[in-house]
Each structure stands twice: as structure tokens, then as C-alpha cells.
Amino acid sequence: MTIGVGLGMATYTFSSAEGYWRWVKRCDEAGVDSLWQTDRLVSKEPFLECMSVMAGLAGATKKVKFGMNVASMGLRDPLQTAKQCATIDYLSGGRLLPAFGLGSNRSRDFIATGTATKARGQRMNEALEIMNRLWSEDEVTFEGQHYQYEKASITPRPVQSPLPLWIGGSSDAAIERTARYGTGWQAAADTPEEAGIVVEKILKAADAHGRPIDHDHFGAAMGVRFGSWDEEPVRRMAADFEKRLGKPAREGFVIGGADEMLERIQAYANHGVSKFILRPIGAGDAEMEDQTEQLIEKVLSRVKELNDPARG
């Protein structure tokens, strides 16, 4: 497996758009593997809309890939989403990494909009099939329980063929969904041991469907900060994590130094997970820039050495 490390954004903490674009440019120039935007529509805290960010990154960057971690298909139309992804991948020269999940039924996105959560898994399955077909077929006619299309088509097509399709979620339904439709899987708040169990189940289910899933296409995400747990940005994000997911914050965050972060990465790698999204925790432009520089210099550089066989 080749370990790949991208950087992600959840809560938007920059003071201006200029600060954000400086951060993006630095990541692109530094050879960061990928950039990711968390999806949350309804929030008292500032969040960027993930599909809009993808379009912006397509024009603002030259090398880095980018994806959403993960966009909720419980709130999106499959035709519109497929068209957006195809357009963004085309304009970026094939650098989009689409990633979709079901969305928690406790999410404010569902509650605030009155969107039904019942049968959202079935809706997502139909949507994934429709999108996969729209990206590769000349015409799509689909008669499902939730979606119906007659001779639908989109052009231009994505540059990547097939277009990657990363799936989030750890339930039995999400495992089956990944095995049937996905090209990769993103863990949520799973521990390395829990993620390893899911990886094995996905590979077994994909084999039963006669579909190959690359052993190198399993990922995990975590919040990270060079610092301590008693710092205010960490306390705030840890409290939000525990309230939303009901899990200890230490399962979703690594706070300390590069050694601790690399140890967590290695723990996941030991269980078959090799792609990572690290979300630097910082309040304001200066902290985000400092945290990112430390990640580039102290973590990403050492990951590159691990992947270099000449250094083995």
C-alpha cells in the first residue's frame, strides 16, 4: 500500500477568502496529496458548501486533487450532482475525488429542512447507480422507486473513466453499498481496529459481486493539532464531535506532535487503511497557516520517506 495524506477543512476559521486561498495555494505548491471539504448545510458555525468549493479548487489549483468528505446524497438530486461532478472533473483535468455518504438522521440538515430520513438508504443506492451510469453511458433510462429518468445524458463526460466514487459509512448497508457501487471507502469515526473489520467486509462483499476494489482505496479522516487538549479550539471541536457522534473525542482527533499523528496513521495502515484526511485545527489565518506548515514539514515529509523504496 502507498500511504497518501490529504488535508481537510471542516469549520471555516479563516478571517477572509484571501486567507483561505493562500492556504489552498500553499497546499498545492507543497505537493499535498489532496484537499477535502466537509459537507454541512445547516450550521451556526461557518461552513463552506462542498460542491462550490470543488468548483473553486478546479480553477484555483494546478496539481492537487480534491474531494468532499462526504457529501450527503440524502439531500441531493442525482442528475444535478452527476452533472456537477462531471463538469468539475472536466474543468480540472481529472482531479475530482467524489465521495458520498448517507448523512446522519440526527443531522440539522435533515431536521431543519423537514427532509424525510426514512428510506434514504434506498434513495442513495438508486442515486449512486444513476450517477455511475450517467458518467459512462450515452443515455440512461431508469425506473426506480424514488427516481425515474428517460433517456437522460450528460456531456462533457468526466475526464477520469471510471470516475472514482468513494463511499462513507460503516453500517452493513454502507458496506454493501460500497461493494456494489464504490471504488473506495472512507471511514468516519471508526477506530483503526473497527476500520479494519469494515475493510475486510467490503473486500469480501465486493468479491461476491464480482467487482474489484483496490486494496489501496481505503481511507480515514481525523482532526489534528500540534498542541494540547486544553486549548480552546480543541475543546470546542472535541465537544461538538462528542455531541454529534456520541464517541470519545480521542477517537476522532490526534492532539500533540508529529509522532502521535504518525503513530495513528500507522495504526490504520496496519489494518488496511492507507489514505488519510488530516484536518488541521486552528483559529484564524495565522494558526491555520502554522498548523499546516508543521503538517507539511513534520508529517507529510516523513510519509513521503516511508513511501520511497530507495530509503527502505
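Analyst: The side chains of D240 and R40 meet in a salt bridge, at 3.9 Å from N to O; a salt bridge here is a side-chain nitrogen of Lys or Arg within 4 Å of a carboxyl oxygen of Asp or Glu. The pair links distant parts of the chain, with D240 in helix α8 (residues 232-245) and R40 in the loop between β2 (34-37) and α2, 200 residues apart. This is a predicted model, in which local features need pLDDT of at least 70 and side-chain atom pairs count only at pLDDT 80 or more, while totals for chains, interfaces and linings use all residues. Residues are numbered from 1 along each chain as its sequence is written, and side-chain values use heavy atoms, with hydrogens and water left out.

User: Does R40 count as buried or exposed?

Analyst: Buried means under 20% relative accessible area, exposed over 50%, and partly exposed in between (1.4 Å probe, protein chains only). R40 has 17% relative accessibility, so R40 counts as buried.

User: How far is D190 from the nearest side chain of opposite charge?

Analyst: D190 sits in the loop between β10 (184-186) and α7 (192-208). Lys and Arg count as positive and Asp and Glu as negative, with His and the chain ends not counted. D190 is buried yet has no salt bridge, and the nearest side chain of opposite charge, K247, is at 4.8 Å.

User: Which side chain does D190 join in a polar contact of 2.7 Å?

Analyst: A polar contact is a pair of N or O atoms within 3.5 Å; within protein, one must be able to donate a hydrogen and the other to accept it, and residues adjacent in sequence count only if both atoms are side-chain atoms. The side chain that D190 joins in this way is that of S170.

User: What is the relative accessibility of K63?

Analyst: K63 is found in the loop between α2 (50-60) and β3 (65-68). K63 counts as exposed because its relative accessibility is 55%.

Conventions: Helix = DSSP H or I, 4+ residues; strand = E, 2+ residues; numbered from the N terminus.
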